[in-house]
Amino acid sequence: MNPTTPRTILVVDDNATNVRVLYDVLSAAGFRVLVAQSGESALNKLKVILPNLILLDVMMPGIDGFETCRRIKAEPSTQNIPVMFMTALSDTADKVKGFSLGAIDYVTKPLQQDEVLARVNVHIRLQSLQQELQQLNQTLEQQVAQRTAELSTTLAQLKESQLHLVQSEKMSTLGQMVAGVAHEINNPVVFISGNLQPAIYYVQDLFGLIELYQNRLPNPDEELANRIETIDLDYIREDLPKLLASMKEGVNRICNISTSLRAFSRTDTATQIPFNIHEGLDSTLMILGHRLKSTPKQPGVQVIKDYGDLPLVECYPGQLNQVFMNILSNALDALEEHYQHQVNEHSQLYPGTIRIWTETLDEEWVRVHIADNGPGIAKEVRSHLFDPFFTTKPVGKGTGLGLSISYQIVTEKHHGKLYCYSEPGQGTEFVVEIPVRSPMVLPSKSEGLTVKD
Ligand SMILES: Nc1ncnc2c1ncn2[C@@H]1O[C@H](COP(=O)(O)OP(=O)(O)O)[C@@H](O)[C@H]1O
Ligand SMILES: [Mg+2]
């Protein structure tokens with residue numbers, strides 16, 4: 001309360017002389033004085049005005065001071081107003097009764113003007129101190145609530161970064177494992193592929209030799225003739241080259257997979273190295289190959305590549321591959337769900353397509369576009385796309401970490417940019433921009449997150 005506004009005191013007394021005296025003393029001391037000549041009249045006044053203090057006579061016609069006090073204390077709007085009794089009684093029992101009804105003090109009649117004023121001042125001061133205390137308490141409570149909120153935000157952030165750590169740790173362990181497996185596969189595969197071609201030549205030579213024998217011995221004896229028939233030489237001649245060719249094809253595929261696995265999982269923590277982005281994209285596509293093929297659930301996804309003429313890019317290849325992996329698997333998830341939706345709605349079926357194209361922006365930047373013709377992304381979802389743990393997928397399927405980690409890898413680790421363009425029904429396009437030279441040499445151009453409408 002503003003200290004310059006006059007404090008209001010309600011004087012309740014049926015004795016006109018007393019009222020007069022109190023009115024003069026208190027007004028002279030700067031108080032605003034209201035007067036009521038009975039308990040009822042006081043209670044009526046309290047319905048419209050709330051004084052800072054009530055001076056209450058005990059003996060009055062109608063309801064007496066005690067009853068008036070009881071009613072004041074029973075009413076929530078007035079119960080906190082301090083009440084001071086004025087009593088002619090020197091009876092201790094009455095004073096005690098007054099206190100037990102909630103009075104804070106009493107003065108005895110005949111009134112000593114100085115004493116009344118001194119006591120009134122003390123209680124008014126007490127009351128205002130109490131109000132200040134209440135306010136301080138409130139501020140304190142607000143501050144505590146605010147701190148608590150800040151702390152729980154910090155805690156949430158901690159949990160988040162912990163999960164990030166766990167996730168990237170998992171990815172790097174996985175990367176190392178994949179690299180290890182790819183390496184181990186590589187040796188035996190090299191034995192096979194390295195020996196397969198000579199084996200094919202040897203077989204051709206042997207067939208040639210048999211042919212020569214047959215020309216020289218047009219009429220083999222019975223044993224030879226039987227043997228030729230048992231092993232079905234003509235069939236072997238026809239089938240063995242095919243069989244070898246398909247073995248060669250199989251080994252080639254294993255080689256490709258092993259190369260892709262190694263390219264994908266190149267562990268490169270310390271420094272950035274020159275990297276062929278197209279190799280990264282191709283190895284990622286190869287690893288996702290099984291999801292591109294047609295299954296009973298969906299008819300296969302077509303990938304259209306349009307690679308520009310890109311320079312090698314200084315980067316952490318394993319991490320960039322992880323970004324491509326996250327974006328591509330999201331696109332595949334979206335296409336699968338979209339296809340299922342079309343089937344359920346009996347609407348026209350559009351085959352899923354992923355378009356990947358690359359280009360240079362200028363000497364210093366390259367750009368990779370990955371677009372799908374899936375369901376697109378609603379505006380509300382788009383604004384949370386890069387938030388950690390934001391997912392629209394069912395529990396167990398989505399973690400909501402893919403894009404937030406990708407965002408971190410692109411902007412923080414590579415000082416690049418990651419955009420998303422999407423409208424519901426229009427498909428989705430992600431764009432990754434990476435500086436060609438590592439930011440140690442090149443000052444960052446990154447301005448951070450950009451989600452375009
Ligand atoms: N190509 C896309 N098409 C439609 N929605 C997408 C696409 N890519 C990402 N999203 C949306 O962004 C959300 C977050 O993706 P992400 O961070 O990878 O987490 P998660 O895949 O675990 O849900 C997805 O749940 C999905 O709603
Ligand atoms: Mg994802």
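Cys69 has a relative accessibility of 0% in this predicted model, so it counts as buried, the cut-off being under 20%. Cys420 is buried too, and its relative accessible area is 0%. What about disulfides? The structure holds zero of them. For the record, a disulfide is a covalent bond between the sulfur atoms of two cysteines.

Ser128 sits in helix α5, which covers residues 113–216, and with 12% relative accessibility Ser128 is classed as buried. Leu34 belongs to strand β2, residues 32–36. At 18% relative accessible area, Leu34 is buried because the limit is under 20%.

| Residue | Relative accessible area | Class |
|---|---|---|
| Cys69 | 0% | buried |
| Cys420 | 0% | buried |
| Ser128 | 12% | buried |
| Leu34 | 18% | buried |

Which residues does Leu34 touch, once its neighbours within four places in sequence are left aside? The partners are Thr8, Ile9, Leu10, Val11 and Ile49.

Now for the overall layout. The protein splits into domain 1, residues 8–111, and domain 2, residues 268–453. How far apart do the C-alpha centres of domain 1 and domain 2 lie? The separation is 79 Å.

Ser128 and His414 are 286 residues apart in sequence, with a C-alpha to C-alpha distance of 62 Å.

On to a helix pair. Two packed helices are described by the angle between their axes and the distance between the axes. For helix α10 (residues 317–345) and helix α12 (residues 402–413), the axes come within 9 Å and cross at roughly 145°. The crossing of α10 past α12 is left-handed.

Who meets whom there? From α10 come Gln319, Gln322, Val323, Asn326, Ile327 and Asn330. They meet Gly402, Leu403, Ile405, Ser406, Ile409, Val410 and Lys413 of α12. Sorted by class, this contact between α10 and α12 has six nonpolar residues, six polar ones and one charged.

Conventions. Residues numbered from 1 in each chain as written. Chains lettered and ligands numbered in written order. Predicted model: local features only at pLDDT ≥ 70, side-chain atom pairs only at ≥ 80, totals over all residues. Heavy atoms only, no water. Domains from an automatic or database assignment. Axes fitted to C-alpha atoms, helices over the stretch in contact; angles between N-to-C directions. Helix = DSSP H or I, 4+ residues; strand = E, 2+ residues; numbered from the N terminus. Left-handed = near helix turned anticlockwise from the far one by under 90°. Contact = heavy atoms within 4.5 Å. Nonpolar A, V, L, I, M, F, W, Y, C, P; charged D, E, K, R; others polar. Disulfide = S-S within 2.5 Å. Buried < 20%, exposed > 50% of the residue type's maximum accessible area, 1.4 Å probe, protein only.
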